[in-house]
Amino acid sequence: MKTSLKNWKTYLVASILILVAAGVSFIQHFIIIYNFPSVNPWNYVFMLCAFGFIFILIGFIGGEIIIGKYRHKTKQWNEKLPQDKKDQAWKFRMPLFLAALVTLILALVLEIITANNGGNLPF
């Protein structure tokens with residue numbers, strides 16, 4: 001896990017995922033509001049939470065697939081996993097987990113702002 005945090009590619013991929021999640025959430029909201037005022041768009045806080053949970057799900061499943069392929073190939077089901085395979089799994093997981101953490105924090109902050117505005121979205 002520590003080696004994946006030292007890699008700059010982890011932060012680059014996590015930043016791209018955060019921008020995609022925020023971009024899709026906010027752009028769909030503004031396109032629907034300004035072009036189709038009678039249609040009620042999805043709440044962007046809900047979409048940010050959904051992206052966060054999807055990132056966690058993909059990160060967890062992807063890391064387990066990497067470990068499972070190694071265990072299936074070597075037929076070592078109960079032995080301790082080598083450090084390089086642990087690092088490889090965390091190298092896949094870490095950008096997704098970081099992106100999930102940031103999107104969920106962003107959703108929480110926007111939800112707190114919404115609650116303080118009397119239930120009105122800030123944008």
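Beyond its neighbours within four places in sequence, T114 is in contact with G119, N120, L121 and P122. The model is predicted. T114 sits in helix α4. A polar atom of the T114 side chain lies 2.8 Å from the backbone oxygen of L110. T114 is buried, its relative accessible area being 7%; the cut-off for this class is under 20%.

Helix α4 also takes part in a salt bridge. E64 pairs with R93, and their closest N and O atoms are 2.8 Å apart. E64 belongs to helix α3 (residues 44-74) and R93 to helix α4 (residues 83-116), so the bridge ties together parts that are 29 residues apart in sequence. The count of salt bridges comes to one.

The relative accessible areas are set out here.

| Residue | Relative accessible area | Class |
|---|---|---|
| T114 | 7% | buried |

Helix α3 also packs with α2. The axes of α2 (residues 8-35) and α3 come within 9 Å and cross at roughly 150 degrees. Angles over 145 degrees count as roughly antiparallel, and α2 and α3 are therefore roughly antiparallel to each other. The crossing of α2 past α3 is right-handed. On the α2 side, the contact is made by L17, A21, A22, V24, S25, F26, Q28 and H29. On the α3 side, Y44, M47, L48, F51 and F55 make the contact.

Methods
Residues numbered from 1 in each chain as written. Predicted model: local features only at pLDDT ≥ 70, side-chain atom pairs only at ≥ 80, totals over all residues. Heavy atoms only, no water. Salt bridge = Lys/Arg side-chain N within 4 Å of Asp/Glu carboxyl O. Helix = DSSP H or I, 4+ residues; strand = E, 2+ residues; numbered from the N terminus. Buried < 20%, exposed > 50% of the residue type's maximum accessible area, 1.4 Å probe, protein only. Polar contact = N/O pair within 3.5 Å; in protein donor to acceptor, adjacent residues only side chain to side chain. Contact = heavy atoms within 4.5 Å. Axes fitted to C-alpha atoms, helices over the stretch in contact; angles between N-to-C directions. Parallel < 35°, antiparallel > 145°, perpendicular 65-115°, else oblique. Left-handed = near helix turned anticlockwise from the far one by under 90°.
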